[in-house]
Amino acid sequence: MASASQITNPLGAQVIGDGGTPRTFTATAREVISGGFLVQVSGATNDVGSDVSSFANGDIQVIGAQDVKLCNGIALNNAGSNELVTVATRGDYLMNAGAIVSGGALVSHNASGAVGNLLATGSTAVTNLDNASIGRAKTTSASGTSSFALVSLNI
């Protein structure tokens, strides 16, 4: 289930540019998904077979991105549970800043629909990334529920 505290753009997914070629896929929402939610593929298994001819819209199932290490794109439309949703994996979107966003920096999401600079953690010379990069910031923003940044998704 998506976090009850999803802090996304209240206007839904606001596409600024799609890189010239839409990079989307159609999935089945396993829960209510609002346009603008970051989503991840669900934990369901055996969604697809080995034959392309058997692949159909909705074979991929998504839920709201609840794990900072997982994200497959941004929902472009509202969808109820078991309805189809279009998910974009690339393009420029206005996204809520849940932490400081620096223009040009890699960004990650916070599992509540907002983005911030991607930070490395660890005390050794070789560090592990806790969060996954979902793109790069094109503008700078402070953190806040009404603060937004232009993010170029590249998932």
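**View 1. One cavity in the whole structure.** Searching everything turns up one cavity of 30 Å³ or more. On a 1 Å grid over the protein atoms alone, a cavity is a set of points where a 1.4 Å probe fits but cannot get out. The largest cavity holds about 50 Å³ of space; a volume here is the space filled by probe spheres set on the points, with grid points joined across faces, edges and corners. This is a predicted model, where local features need pLDDT of at least 70 and side-chain atom pairs count only at pLDDT 80 or more, while totals for chains, interfaces and linings use all residues. Residues are numbered from 1 along each chain as its sequence is written, and side-chain values use heavy atoms, with hydrogens and water left out.

**View 2. Who lines the largest cavity?** Look for T8, N9, G12, A13, G36, I74, L94, M95, N96 and G113; lining residues have an atom within 4 Å of a point. Strand 7 (residues 90–96) gives the most to this lining, with three residues. Strands (E, at least two residues) are DSSP runs, numbered from the N terminus. Sorted by class, the lining has four nonpolar, six polar and no charged residues. In this sorting, Ala, Val, Leu, Ile, Met, Phe, Trp, Tyr, Cys and Pro count as nonpolar, Asp, Glu, Lys and Arg as charged, and the others, Gly among them, as polar.

**View 3. The largest nonpolar core.** This core has 17 residues, and the ones with the most contacts inside it are L38, I74, M95, V101, I134, V151 and L153. Strand 7 and strand 13 (148–154) each supply at least two residues of the core, and strand 13 brings the largest share, three residues. A second, separate core has eleven residues, including A27, I33, A75 and A79. A nonpolar core is a set of buried Ala, Val, Leu, Ile, Met, Phe, Trp, Tyr and Cys residues joined through side-chain atoms within 4.5 Å. Buried means under 20% relative accessible area, exposed over 50%, and partly exposed in between (1.4 Å probe, protein chains only).

**View 4. Zooming in on V101.** Not counting residues up to four places away in sequence, V101 touches V107, V115, G116, N117, A137, T139, T140, S141 and A149. A contact means heavy atoms within 4.5 Å.

View 5. D92 pairs with K138, and their closest N and O atoms are 2.8 Å apart. For a salt bridge, a side-chain nitrogen of Lys or Arg sits within 4 Å of a carboxyl oxygen of Asp or Glu. The pair links distant parts of the chain, 46 residues apart: D92 is in strand 7, and K138 is in the loop between strand 12 (135–137) and strand 13. D92 counts as buried because its relative accessible area is 12%, whereas K138, at 48%, is partly exposed.

**View 6. Two buried loop residues.** S147 is in the loop between strand 12 and strand 13, and it counts as buried because its relative accessibility is 18%. Leaving out residues up to four places away in sequence, S147 touches M95, N96, A97, S141 and A142. A65 belongs to the loop between strand 4 (61–64) and strand 5 (73–75). With a relative accessible area of 1%, A65 is buried too. A65 and N110 are 45 residues apart in sequence, and 8.8 Å apart in space, C-alpha to C-alpha.

Definitions and conventions. On a 1 Å grid over the protein atoms alone, a cavity is a set of points where a 1.4 Å probe fits but cannot get out, and a pocket is an open set with protein on both sides within 12 Å along at least five of seven lines; lining residues have an atom within 4 Å of a point. Helices (H or I, at least four residues) and strands (E, at least two) are DSSP runs, numbered from the N terminus.
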